[in-house]
Amino acid sequence: MTQPTPIRRARAQQPELLGAALTAAARGWHVHPLRPGGKGSALHGERACPLIGVCTKGHVKWEQRATTDPDRIRIAWSTGAFNVGIATGPSGLVVVDLDVPKEKSGKDSSDAPSGATSFAALCEHAGVPWPATYTVRTPSGGMHLYFQSPPGVRLPCTAKSVAPNVDTRAWGGNIVAAGSTTAAGTYEAADGTPAVTLPGWLLQRLQTAPKPAVAPAPLLIPGQATRRAEVALERETARVRNAPEGQRHDLLLKRTIAIGRFVVWGEITRDVVEQAFGAAGEAAGLPAAECRSTIHDALAYSARTCRARETA
Ligand SMILES: [Zn+2]
């Protein structure tokens, strides 16, 4: 039996994903569609804004478009098997993202404790038990702890500034909701209790946390390709454009497969990849129809074989 591809799996889950979006919205959380099987917004980014529809008077970002309106949610999720994103800011949420360290083996031999270990130490230092609040387990083995932002407080996101492998998402932040599925697995609500108010000790830490030294993780900029996916796409399409006759088809296939993993990981949209490689293949002298079918085959191969993003 063949393994279902992430895309096929996502399609079969469309009703569940709609259900997940409605459940989150019923809790008062503002949801927006993420790419099927991915973590980036399915809504267009500012650079790709067509300035029509909701954007007639200028681009409206995903954070503003995220909604709790069940009718709008039903319409949005009727058009695709979108994962569910929660815009933490307008939802009045502060979500603590506890990551697991990257592979201990290999070049990243970081001994940094896991986010859960770091957070347990913070709780101990504050003299409080681990908070009982709405919690989601991530496919990578991490955890998202949901808290309600105290009234009148507007917190930004933090990245690794509170403790090792501990990020927080508030205004400007997006979190993948329970019920969403990536190639790595499904986000599952581990604790369905309501989100409690952010404890004072944690609020204090967040208000005094130094500004992040590094840019937020690239996947947190929905609606656009991540920088590394963009760079890779530029590099690989250039190879195809300059392919000598006799190697054009082979290069188009292999280079598209190489980029296909970014599509699977939700770091770039499929149509951007199709367009870029189509143009490159044609520039190299291949017929448009051959480009289309080769790119299609390559992306299908990537979807079948691509492994989960290690740092998901
Ligand atoms: Zn727009």
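A crossing of two helices is called right-handed if the near helix is turned clockwise from the far one by less than a right angle, and left-handed if the turn is anticlockwise. In the predicted model described here, this term applies to the crossing of helices α9 and α10, which is right-handed.

The pLDDT averages 86 over the chain, and 87% of the residues score at least 70. Residues 104–109 have a pLDDT below 50, and this stretch has 3 contacts in the model beyond near neighbours in sequence. The pLDDT is also below 50 over residues 212–222, a stretch for which the model has 21 contacts beyond near neighbours in sequence.

Several helices pack against one another in the later part of the numbering. Two packed helices are described by the angle between their axes and the distance between the axes. Helix α7 comprises residues 227–241, and helix α8 comprises residues 248–264. The axes of α7 and α8 come within 9 Å and cross at roughly 175 degrees. Angles over 145 degrees count as roughly antiparallel, and α7 and α8 are therefore roughly antiparallel to each other. On the α7 side, the contact is made by A229, A232, L233, E236, R239 and V240. The residues of α8 that take part are L251, L252, R255, A258, I259 and F262. Classified by type, the contact of α7 with α8 has 9 nonpolar and 3 charged residues, with no polar ones.

Helix α7 also packs with α9, at an angle of about 25 degrees and with the axes 7 Å apart. Angles under 35 degrees count as roughly parallel, and α7 and α9 are therefore roughly parallel to each other. The crossing of α7 and α9 is right-handed. In this contact, L233, T237, V240 and R241 of α7 meet V273, A276, F277, A280, G281 and A283 of α9. The contact of α7 with α9 has 7 nonpolar, 2 polar and 1 charged residues.

Helix α9 (residues 270–283) is in turn in contact with helix α10 (residues 288–305); their axes come within 9 Å and cross at roughly 140 degrees. From α9, the residues in contact are R270, E274, F277, G278, G281 and E282. Those of α10 are A288, C291, R292, I295 and L299. By class, the contact of α9 with α10 divides into 5 nonpolar, 2 polar and 4 charged residues.

The strands include an open sheet of 3 strands in the order β1-β2-β8, with antiparallel pairing. Strands β1 (31–34) and β8 (174–176) stand at the edges with a single partner strand each, so one side of each is left without a neighbour in the sheet. From one strand to the next, the twist averages 35 degrees. Strand β2, residues 83–87, pairs with β8 in the antiparallel sense over 3 bridges, and A87 stands opposite N174 in β8. Helix α2, which spans residues 14–26, lies across β1 and β2 and runs at about 20 degrees to β2.

A further antiparallel pairing is that of strand β6 (residues 158–163) with strand β7 (residues 166–169), which are joined by 3 bridges. Within this pairing, A159 stands opposite D167 in β7. Strands β6 and β7 form a hairpin with 2 residues between the strands, and N165 takes a positive phi near 60 degrees in this hairpin.

Definitions and conventions
Residues are numbered from 1 along each chain as its sequence is written. This is a predicted model: local features need pLDDT of at least 70, side-chain atom pairs count only at pLDDT 80 or more; totals for chains, interfaces and linings use all residues. Axes are lines fitted to C-alpha atoms, for helices over the stretch in contact, and angles run from 0 to 180 degrees between N-to-C directions. Helices (H or I, at least four residues) and strands (E, at least two) are DSSP runs, numbered from the N terminus. Two residues are in contact if their C-beta atoms, placed from the backbone, lie within 7 Å. Ala, Val, Leu, Ile, Met, Phe, Trp, Tyr, Cys and Pro count as nonpolar, Asp, Glu, Lys and Arg as charged, and the others, Gly among them, as polar. Two strands pair if DSSP finds at least two bridges between them. Angles under 35 degrees count as roughly parallel, over 145 as roughly antiparallel, 65 to 115 as roughly perpendicular and the rest as oblique. pLDDT is the predictor's confidence in each residue, from 0 to 100.
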